[in-house]
Structures are given as C-alpha cells and as structure tokens.
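This briefing accompanies the structure shown below and is meant to be read with the coordinates open.

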Amino acid sequence: MTGSPAADRTGPAAGAPALLPVASAARTRAAVMALVRPQRRPALAALTVMVAATAVGLLVQPLLGRIVDLAAGHGSANAVTVTAALLAAVAVVQGVTTGLGLSLISRLGETTLARLREQFVERALSLPLDQVEKAGAGDLTARVTADVSLIADAVRSALPELARSLLTIVLTLGALALLDWRFLLAALLATPVQAATARWYVTRAVPLYAEQRVAGSAQQQQLLDTVGGGSTVRALRLEHAHNERVVQRSAELVALMMRGVRLVLGFYSRLHVAEYLGLAAVLATGCWLVDRGTASIGTATAAALYFHSLFGPVNAALVLLDDAQSATAGLARLVGVTDLPRPPVAQHPASVGDVDVTVRGVGHAYRTGHPVLSGVDLTIRPGERVALVGASGAGKTTLARLVAGLQQPTEGAVLVGGVPPAELGPAGGTPPTSTIALLTQETHVFAGSLADDLRLARPDATDDELRAALAHVDALDWAEALPEGLHTVVGDGGHRLSGAQTQSLALARLVLADPPLVILDEATAEAGSAGARELEKAVARAVDGRTALIVAHRLSQAATADRVVVMDRGRIVETGTHDELRAARGPYADLWTAWSDTRTPGS
C-alpha cells in the first residue's frame with residue numbers, strides 16, 4: 001500500500017524533464033549589475049589601484065629604450081646605472097600595487113559571488129516541489145555544484161586576470177600614441193583580425209557552452225536515476241538498457257566537448273595571424289621613422305616592446321573569453337532560478353484552535369487527460385485525526401500533498417483554516433510556529449550533532465526541551481545511549497541512525513515545531529515490523545491535540561484514527577470510523593481482512 005506521486009500518476013513518468021529556466025543574456029547582465037551596484041566604492045578603489053599599477057608598469061619600455069639610446073650614443077655608465085635603478089624601482093612598485101589591486105578585485109568578485117549564491121540557495125529552497133520533480137534532481141544539482149563551481153573559478157582566476165589584461169591593453173595603446181601616433185596606427189592594424197576572431201568565437205561559444213551545460217545536467221540526471229534506482233534496475237534486469245542510456249548521454253556530452261576543443265584551436269590560429277601582422281607593421285613603422293630622423297632607435301625599440309608586451313594581455317583577454325562564455329552560461333542558469341516568481345507572501349496566521357481542512361470539488365492531474373483525483377470532497381474538523389487508506393495509486397499521497405500546499409489542485413479548492421495552504425503564515429504562539437508540517441517516509445538526517453538536528457525545528461530550544469521532545473516520542477533512551485548523547489554527530493560522516501531512530505527524530509522535530517496541522521505520508525513505512533508498533537504509539541502522542549491527516553501504511557494506524565477515509569482510483573469511496581466501516585462490509589472491510597491475513601504475530 002505504499003503511495004507516492006509517481007505511483008499516483010498513470011502511464012510513463014510524465015515525459016521528458018521540464019528543465020528549470022535559463023536567463024537571457026540581457027537579464028543576466030542586469031542581474032550582475034544589480035549585484036555589483038552596492039559594491040561601487042570597492043570597485044572604484046580596485047580600478048584606481050589597477051590603473052596605477054598598470055601605468056607604473058608601462059615605464060619599463062621607455063626606460064629600456066633609454067638604455068638602447070645611451071648604448072647607441074655611447075652614454076655614460078652612470079646614466080645607464082640610474083636607468084637600471086629606475087627599472088628596479090618600477091618593478092617593485094608595480095608588484096606591490098598589482099598585488100593590492102588583484103586582491104581588491106578578488107574580494108569584490110567573491111563578495112558578489114557570495115550574494116549570488118545566497119540568492120540562488122534561498123530561491124531554490126522555496127521552489128515548488130512539483131517543479132523540482134518535473135525538472136529532475138540532476139538539473140538543480142548541476143546548477144548548485146557544477147555551475148557554481150565554474151563561476152567561482154572564473155571569479156577567482158579569470159576576473160582579476162581579465163581586468164588587468166584589459167587595463168594593460170588600453171594604457172599600452174595610449175603609451176604607443178604618446179611615442180608617436182603612427183605607432184598606434186600600425187598596432188591597430190591587428191585589431192580588425194582580433195575583433196573578427198573574437199566575434200567568430202563568441203557567436204559559436206555561447207550556444208555551445210549552453211548546450212554543454214544542458215547535456216551535463218541530462219547526464220547527471222541519468223546517473224542519479226541509474227545509481228539511485230540500482231536495486232530496481234537489477235531486479236528488473238534493466239542493467240543493459242540503463243547502461244546504454246548512460247553511454248548515450250556521455251557520448252553526447254563528449255561530442256559537445258570535442259566541438260569546444262576544435263573551436264578553441266581555430267580561435268588560437270586566428271590570433272597568431274593578428275600578432276604577426278601587428279608586430280611587422282610596428283617594426284616597419286619604426287624603421288621608417290628612424291630613417292627619417294623623427295624617432296630614435298630607443299623610441300622604436302620601446303614601441304616594438306610595447307606591442308610585443310600586448311601579446312600576453314590580448315591573448316589572455318581573448319582566451320579568457322573561453323572561461324567567460326562558459327561562466328556566463330552557468331551564470332544564466334543560476335539567474336534563471338533566482339528570477340523565478342516568488343511564492344505568494346503568507347499573510348494569514350492560524351492557531352491550533354481554528355485549523356480545519358476543507359477539500360471541495362478537488363481534481364488533479366500531473367498530465368493533461370490523466371486525472372489522479374476527481375471530485376474529492378473532504379472536511380477535517382479541528383483536532384480530528386483522519387486516516388487515508390487505499391490501494392497503491394489510489395491518490396492518497398497526491399491528496400496529502402495538496403492539503404500540505406506543495407501543489408495546487410487542477411480544479412476545486414483546498415482550504416486550511418479557511419485559506420489556501422500556500423497563503424498560510426506562521427501559527428500563533430511564542431515563538432511563532434509553522435502552520436503545517438509534512439512528514440514522509442523519506443526523512444533526512446542532517447550532518448551535525450543530534451541537538452543541532454533537532455534545533456532545526458526550533459532554534460531557541462534548550463537541551464531540556466530537546467530531551468522532553470525526545471521523551472514524548474519514546475526516543476530519549478536511545479538518544480542518551482549514543483556515544484556523546486545529544487552532542488553525538490549524526491548524518492553523513494557521523495553515527496548512523498536506524499530507520500526507526502530516524503523516524504523518531506522526525507517526530508521529535510514535529511513536537512518541537514508544534515504545528516497545528518500535521519500530515520503524515522506513510523511516516524512509519526521504513527520502521528520495519530519490529531519497531532512499527534512502538535513507532536505508531538509515538539506518532540499518536542506526537543499528533544495528539546492537533547488536526548492530523550495520516551496516509552496509513554498499516555491499517556492499525558487507521559484503526560486508532562477518529563475517522564477513516566477510503567480512496568480508490570482518485571475518489572473517496574467510503575468514510576467513517578474503523579468499527580463502522582468494518583461493519584459495513586465494504587472496501588475498507590475487504591482491505592482490513594486482506595491486511596489482517598498477512599500480519600505476523602506482534603506486527
């Protein structure tokens with residue numbers, strides 16, 4: 001009788017994943033500007049220091065030209081020594097100011113990245129679960145991991161280098177003009193080739209890297225499906241089919257990566273043409289000016305050195321376009337999530353005394369033309385405990401999710417305390433608590449101490465309050481028996497909790513959160529027969545005094561409920577108390593008989 005949204009759906013798994021949106025280039029730029037705007041002063045300081053560092057560094061070429069002129073004119077040794085000392089001073093000053101400027105740029109980039117990451121995580125956590133399920137866990141996981149990592153690498157390495165390279169290019173061209181405007185014109189002969197190369201590359205790189213990110217998400221989703229469902233894959237002997245899918249996804253990603261390699265090779269070959277063309281033009285101009293007597297050999301040398309010094313910054317700037325385009329593709333995927341519409345602001349508080357549930361004419365379909373619920377009407381009175389029972393796929397979990405506000409019904413209305421659940425704010429009390437709590441069989445144990453895990457439900461809870469919550473669900477004995485009691489590290493890398501202990505932890509969190517409405521979706525399904533009876537008693541104590549909707553895995557839970565609602569094929573077919581429905585000899589009586597016949601003693 002296990003239920004899930006997937007089980008409630010009919011037919012295939014709702015087709016291909018509907019990936020989360022990707023922001024446009026214009027919207028991505030606007031989002032970056034909005035993030036940087038509060039950092040205007042640090043940005044101005046970083047720019048000023050980098051301009052100063054670059055300007056100081058541009059003194060190297062004229063000083064070397066001065067040495068050439070002194071050597072050609074048989075200048076004094078003292079003059080050469082003074083010039084060499086100036087070169088050393090320039091190197092020291094440039095090194096110090098460059099280091100300071102790069103650190104300021106890095107701090108600016110890290111601050112901006114941190115704000116973007118915070119916005120992304122905040123928005124991702126508030127996404128409707130049905131939207132995440134439709135997109136697939138792989139898409140969101142790839143954005144949280146691969147895309148964030150890619151942007152972080154670009155901010156830490158590419159951004160400072162790109163800023164320095166662009167400043168060096170601009171100021172070096174200005175220095176060439178100061179030497180002689182004709183040197184600048186000669187150097188600019190390389191610009192059309194470089195501009196055409198950049199345009200050729202960008203127009204191809206942007207869509208290619210976007211394709212790579214999507215293909216990476218698809219590959220990750222396939223790996224998650226195959227590894228996560230490994231036991232099912234082996235049981236149905238689908239290893240070969242799933243292996244073929246993984247191979248296909250990987251081959252598609254490799255093909256896109258190889259396209260990227262070929263693109264970069266073509267990019268470099270075009271850059272080399274521009275470099276040699278420009279250098280030849282500057283050298284020819286220098287020879288012509290020296291021959292005419294309008295420039296010294298040292299000046300021509302400085303011009304050639306200036307242009308040669310542009311090789312590194314120009315190549316770096318253009319090559320960093322590769323990192324920039326890849327990071328931009330990842331950035332657009334993050335902004336696409338942060339730009340999603342915010343959930344409605346919860347404005348309606350609720351309290352324990354007035355939380356009832358009204359389900360009126362509700363129908364729901366995950367796919368058009370395949371209804372999962374049809375014409376469902378249900379009222380749960382304040383403080384009433386209602387059990388939902390029915391065969392797998394009857395629609396129990398879907399109804400529970402609609403009441404929890406995780407999804408909106410396709411038709412009809414769901415009201416909790418007189419308002420849609422998505423619009424409910426915190427319940428009354430000090431401190432305020434959530435109005436609705438949903439517990440499922442998939443309880444997560446967060447990495448950290450057991451006390452910290454419990455305080456997720458109520459951060460200001462004292463140790464005594466934590467112990468009281470554990471005692472309320474009969475979990476205090478095993479919790480204090482842990483190696484370090486409440487301070488024992490659990491979750492990944494920590495002490496491993498059993499299935500029953502994990503469910504007890506979830507119930508203790510529920511007691512601490514103290515919501516007026518509780519929805520349990522087969523919350524004891526993973527406990528096993530040995531601990532099921534004790535866990536069911538703990539559930540009864542945890543929901544005592546609250547309005548409760550329980551998707552019953554074991555009919556013993558239905559037997560202790562105030563009312564039982566029987567579902568079949570998306571409709572409510574029977575409702576009443578346990579004794580009434582058994583006496584009616586209808587669907588519930590059949591379920592009870594079948595379930596009783598399969599029970600083992602003590603289960």
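This is a predicted model: local features need pLDDT of at least 70, side-chain atom pairs count only at pLDDT 80 or more; totals for chains, interfaces and linings use all residues.

The protein chain as a whole has a secondary structure of 22 helices and 13 strands, and 44% of its 603 residues count as buried. Among the contacts between residues at least 6 apart in sequence, 79% join residues that are at least 24 apart.

- Most residues other than glycine have a negative phi.
- Because its relative accessibility is 72%, Arg585 counts as exposed.

**The hairpin of E12 and E13**

- Strand E12 (residues 563–568) pairs with strand E13 (residues 571–576) in the antiparallel sense, over five bridges, and Val566 stands opposite Glu574 in E13.
- The two strands E12 and E13 form a hairpin with two residues between them, and in the turn Arg569 has a positive phi of about 55°.

**The packing of H3 and H5**

- The axes of helix H3 (residues 40–57) and helix H5 (residues 77–125) come within 8 Å and cross at roughly 155°.
- With that angle over 145 degrees, H3 is therefore roughly antiparallel to H5, and H3 passes H5 in a left-handed crossing.
- On the H3 side, the residues that meet H5 include Ala43, Ala46, Val49, Met50 and Ala53, while those of H5 that meet H3 include Val90, Val93, Thr97, Leu104 and Leu108.
- Sorted by class, this contact of H3 with H5 has 14 nonpolar residues and five polar ones, with no charged residues.

**Asp453 and its surroundings**

- Asp453 has its place in helix H15 (residues 450–455), and because its relative accessibility is 2%, Asp453 counts as buried.
- Leaving aside neighbours within four places in sequence, Asp453 is in contact with Val445, Phe446, Val490, Leu505 and Arg509.
- The C-alpha atoms of Asp453 and Val489 are separated by 9.4 Å, although these two residues are 36 residues apart along the chain.

Key:
Residues are numbered from 1 along each chain as its sequence is written. Side-chain values use heavy atoms; hydrogens and water are left out. Axes are lines fitted to C-alpha atoms, for helices over the stretch in contact, and angles run from 0 to 180 degrees between N-to-C directions. Helices (H or I, at least four residues) and strands (E, at least two) are DSSP runs, numbered from the N terminus. Angles under 35 degrees count as roughly parallel, over 145 as roughly antiparallel, 65 to 115 as roughly perpendicular and the rest as oblique. A crossing is left-handed if the near helix is turned anticlockwise from the far one by less than a right angle, and right-handed if clockwise. Contact means heavy atoms within 4.5 Å. Ala, Val, Leu, Ile, Met, Phe, Trp, Tyr, Cys and Pro count as nonpolar, Asp, Glu, Lys and Arg as charged, and the others, Gly among them, as polar. Two strands pair if DSSP finds at least two bridges between them. Buried means under 20% relative accessible area, exposed over 50%, partly exposed in between (1.4 Å probe, protein chains only).
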